[in-house]
Amino acid sequence: MYESYYGLDSKPFQLTPDPDFFFASRWHKRAMSYLQYGLSQAEGFIVITGDIGTGKTTIANSLVADLEDDIVVAHIVTPKLSPDELVKLVASKFELNVAGKSKSEILDDMEEFLYKLSATGRRALLLVDEAQNLPLETIEELRMLSNFQEFGKPLLQSFLLGQEELQPILRAPNMEQFRQRIVASCHLAPLTEQETEEYIVHRIIHAGRMSEESLLSEGAHAKIYQFTKGVPRKINTLMDRILLYGFLEELDVLDEAAVDSVISEV
């Protein structure tokens, strides 16, 4: 609705994670570096944690978008799965037939699939989103899946993305064997005030705005940071409403008063 009014080709602040709009803050760069390092090692677990809305899934999507064809990816978003349910879900994400099969049969099929991948010079990557929902015994099942190996290298590598509650789960005394296979971990912090402004400008420009005139005043940026605390998802929600408000009020520049009006509504 407001896109053409502000010279945009698309909506810059959608809630759905979009790798095309990826903004690399200091912490996001570090998390991406860990993921890329993990890929280069082709083994172990990489763990990325962060509060709700800090961009974990966006990082994962950006990574997947840049992957070469030699890596086959399965991406799961986990409810509270049992170990058997996890095995069945992972196998189905790799497009294996699981109908009417026992867990042992599915594991046999998965092992055969992974060996065939390796024989063609490819390998498998599992992205587990919302991993804090997994019970301890299910996380342990993930470790067991990493036991599929050839020439000393695992045939399946896993990245775990989760909220902060995942950290104490992995620190539990009976998770020692899993911890020993974690090659890197990182916690995503919210954006700083300067990064928040850079994030907003980045998305607006990426959405097609060609005008060199700033769309928001400095005071507006400060107000947005104060309200959102630098959490990207909150920024997206608020900015979408601010742009709609500016369009309806026919504002060329969005100032503190405009931001205050929208904040009072939400």
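I began with helix H3, residues 83-93, in this predicted model. Helix H3 lies across E2 and E3, and I noted an angle of about 135° between its direction and that of E2.

Next I looked up the sheet. It is an open one of five strands, paired in parallel, and I read the order as E2-E3-E6-E1-E7. The edges are strand E2 (71-77) and strand E7 (182-188), each of which pairs on one side only. Neighbouring strands in this sheet are turned against each other by 15° on average, direction ignored.

I then checked what packs on the sheet. Helix H2, residues 56-65, does so, and I found it touching E1, E2, strand E3 (123-129), strand E6 (156-162) and E7. The direction of H2 makes about 150° with that of E6.

Strand E1, residues 45-50, runs parallel to E7, and six bridges join the two. In this pair I located Gly50, which stands opposite Leu188 in E7.

Last came the protein as a whole. I recorded 11 helices and seven strands. The C-alpha trace spans about 65 × 40 × 35 Å along its principal axes. Of the 266 residues, 46% count as buried. I put the accessible surface at about 13,100 Å², with 49% of it belonging to carbon and sulfur atoms.

For contacts between residues at least 6 apart in sequence, I noted that 76% join residues at least 24 apart. I also looked up the charges: there are 25 positive and 42 negative ones, and their mean positions are 7 Å apart.

Note on methods: Residues are numbered from 1 along each chain as its sequence is written. This is a predicted model: local features need pLDDT of at least 70, side-chain atom pairs count only at pLDDT 80 or more; totals for chains, interfaces and linings use all residues. Side-chain values use heavy atoms; hydrogens and water are left out. Helices (H or I, at least four residues) and strands (E, at least two) are DSSP runs, numbered from the N terminus. Buried means under 20% relative accessible area, exposed over 50%, partly exposed in between (1.4 Å probe, protein chains only). Contact means heavy atoms within 4.5 Å. Accessible areas come from the Shrake-Rupley method with a 1.4 Å probe; for residues, only the protein chains shown count as cover. Lys and Arg count as positive and Asp and Glu as negative; His and the chain ends are not counted. The place of a charge is taken as NZ of Lys, CZ of Arg, CG of Asp or CD of Glu. Two strands pair if DSSP finds at least two bridges between them. Axes are lines fitted to C-alpha atoms, for helices over the stretch in contact, and angles run from 0 to 180 degrees between N-to-C directions.
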